[in-house]
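Hi,

Here's the structure I promised to send over.

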Amino acid sequence: EASYQLNDMKEALAGYDVVLQKGWSDFAERSALKAATISAINNDNTAALKYYNMLRNYAMGKENLQEAYTGMMRSTYHQKQYTDAALYADTLQSMQGLNEGQQTELLYIKAKSLYETGKQDEAYPLFAKLVNNKKSIIAAEASYYVAESLLKAGKLKEAEEQANKAVKLAGGNDVLTVKSYLLIADVLIKQDDYFNAKALLQSIAKNAKVPALKEEATKKLEEAKATETKKGKLKQD
């Protein structure tokens with residue numbers, strides 16, 4: 001505890017771990033909480049998960065139990081253990097007294113986890129609940145995924161509106177901004193507006209800073225040109 005107060009986190013973590021190796025004691029709950037917190041700050045998600053799991057077992061009150069499940073949800077999510085992350089989000093959601101920030105975080109992590117495990121149809125309605133979130137970056141990302149769902153459903157006007165909303169809210173997030181513009185290009189292509197689609201894709205291919213997105217824009221541009229040419233020939237025939 002003295003090491004923790006002196007900000008010597010390495011020494012503090014070693015001490016908390018020794019306490020926890022002894023099993024249950026009057027000091028186990030606090031040690032698990034502090035060890036988990038230090039590990040999370042250090043981005044050691046494997047250790048954080050271990051200590052948050054201990055905290056779940058030792059927690060005597062609601063607050064630390066919520067902290068334990070929040071920590072396990074975050075740790076598994078960061079390790080791309082999406083199925084577990086979604087399950088911990090469900091458990092956390094069933095608890096009483098969650099504040100707005102906790103509810104937003106668990107909803108976001110559950111939505112992303114479902115999406116990453118191929119359950120997009122379950123994820124989209126959760127993203128829809130976040131499109132007006134107070135945190136602009138969360139609202140922006142949610143708007144992008146809602147736009148994607150609308151595009152799949154053939155609701156092109158609504159998809160474009162949501163994608164434009166994502167662009168406006170994304171701020172300095174280059175990846176999300178470019179992905180949203182790529183989605184808008186898809187909408188334009190489906191509307192047979194090849195002129196504007198090509199112009200947009202050319203701009204992305206030229207200016208995008210992320211190589212993968214630059215490559216995707218280039219590929220979509222070539223496909224748009226080929227489709228436009230093919231449709232033009234069909235009309236002539």
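**What I found**

E228 touches Y194 and K198, leaving out residues up to four places away in sequence; a touch, or contact, means heavy atoms within 4.5 Å. E228 sits in helix α13 (residues 211-236), where helices are DSSP runs of H or I with at least four residues, numbered from the N terminus. With 30% relative accessibility, E228 counts as partly exposed (buried is under 20% relative accessible area, exposed over 50%, partly exposed in between; 1.4 Å probe, protein chains only). I189 is 39 residues away from E228 along the chain, and their C-alpha atoms are 9.0 Å apart.

Before going on, the ground rules: this is a predicted model, with local features needing pLDDT of at least 70 and side-chain atom pairs counting only at pLDDT 80 or more, while totals for chains, interfaces and linings use all residues. Residues are numbered from 1 along each chain as its sequence is written, and side-chain values use heavy atoms, without hydrogens and water.

Next, helix α6 (residues 82-93): twelve residues, reaching 16 Å from first C-alpha to last, close to the 16 Å expected at 1.5 Å a residue (that is, 1.5 Å times one less than the number of residues). Its buried residues are Y82, A85, A86, Y88, A89 and L92. Seen down the axis of α6, they fall within an arc of 165 degrees, so they line one face of the helix (the arc uses directions from the helix axis to the C-beta atoms). Their cover includes α4 (45-58), α5 (62-78) and α7 (100-116).

Finally, F127: leaving aside neighbours within four places in sequence, F127 is in contact with A111, K112, Y115, A142, Y145 and V146.

Cheers

Note on methods:
Helices (H or I, at least four residues) and strands (E, at least two) are DSSP runs, numbered from the N terminus.
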